[in-house]
Amino acid sequence: RVRGIGATLRLVATDRYRLAVAELPWRPAAELDVLIPATFAGEIARQAAGAVELALHADANRAAVTWPDAAVGTALLATPFPDESRYLNTTGDARVEVDADALLGAVRRVGLYADGRGAITVDLADGEIRVRGGGADLGEAEESVKAEVMGRLAQTYRVRYLVDALRTFAGQRITVNIRTGMRSTVLRPDR
């Protein structure tokens with residue numbers, strides 16, 4: 001989903017299990033809220049990698065992106081799309097501020113011992129996140145990462161989803177809002 005919100009262009013993507021949001025500066029010429037195929041967005045990123053500025057055009061049925069000497073277009077999708085604010089604008093049952101690279105390293109190392117579902121457990125304690133994994137065949141592993149923790153809980157995650165999310169924030173300190181159970185966990189860069 002590509003949507004203009006004032007001087008911000010918000011890009012939202014989901015695979016039904018994960019939701020990613022990115023915001024870019026832009027100069028709006030008109031209202032914009034379109035649903036484009038992810039492959040189209042990927043193709044734009046690949047082809048326009050060296051472009052300084054892109055122009056986005058859309059009508060009721062099609063969208064196109066242009067830059068000097070090039071244009072790429074696609075038909076719009078007409079399927080329902082979730083409202084990201086429903087997931088992003090909620091407070092968690094616990095909040096953590098941590099170095100993304102340190103947590104990613106721990107998740108990768110402990111993930112080698114994940115159970116048969118590829119899941120690990122993240123426990124929040126005073127001043128640290130404890131990452132635990134284990135399966136009958138592989139043994140067990142536990143690693144702690146220093147963090148600022150507000151709240152206590154234990155949450156289970158699939159290793160591959162958590163690794164994908166943390167990789168996005170390489171080199172940054174992040175804030176993680178965790179809601180218990182099968183509800184959303186939101187990762188954001190510290191600002």
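Predicted model: local features only at pLDDT ≥ 70, side-chain atom pairs only at ≥ 80, totals over all residues.
Guide: Residues are numbered from 1 along each chain as its sequence is written, and side-chain values use heavy atoms, with hydrogens and water left out.

Visitor: Why are E1 and E4 called paired strands?

Guide: Strands are DSSP runs (E, at least two residues), helices likewise (H or I, at least four), numbered from the N terminus. Pairing requires that DSSP find at least two bridges between two strands. Strand E1 (residues 2–5) and E4 are joined by two bridges, so they pair, and they run antiparallel. Arg3 stands opposite Asp33 in E4.

Visitor: What leaves one side of E3 and of E4 without a neighbour in the sheet?

Guide: Four strands form an open, antiparallel sheet in the order E3-E2-E1-E4. Strands E3 (19–25) and E4 (33–34) stand at its edges with a single partner strand each, so one side of each has no neighbour in the sheet.

Visitor: What makes a set of residues a nonpolar core?

Guide: Its members are buried Ala, Val, Leu, Ile, Met, Phe, Trp, Tyr and Cys residues joined through side-chain atoms within 4.5 Å; buried means under 20% relative accessible area (1.4 Å probe, protein chains only). The largest such core has 30 residues, of which Val107, Leu124 and Ile129 touch the most other members. Its largest share, six residues, comes from H3. Apart from it lies another core of 14 residues, including Val34 and Phe40.

Methods. Buried < 20%, exposed > 50% of the residue type's maximum accessible area, 1.4 Å probe, protein only.
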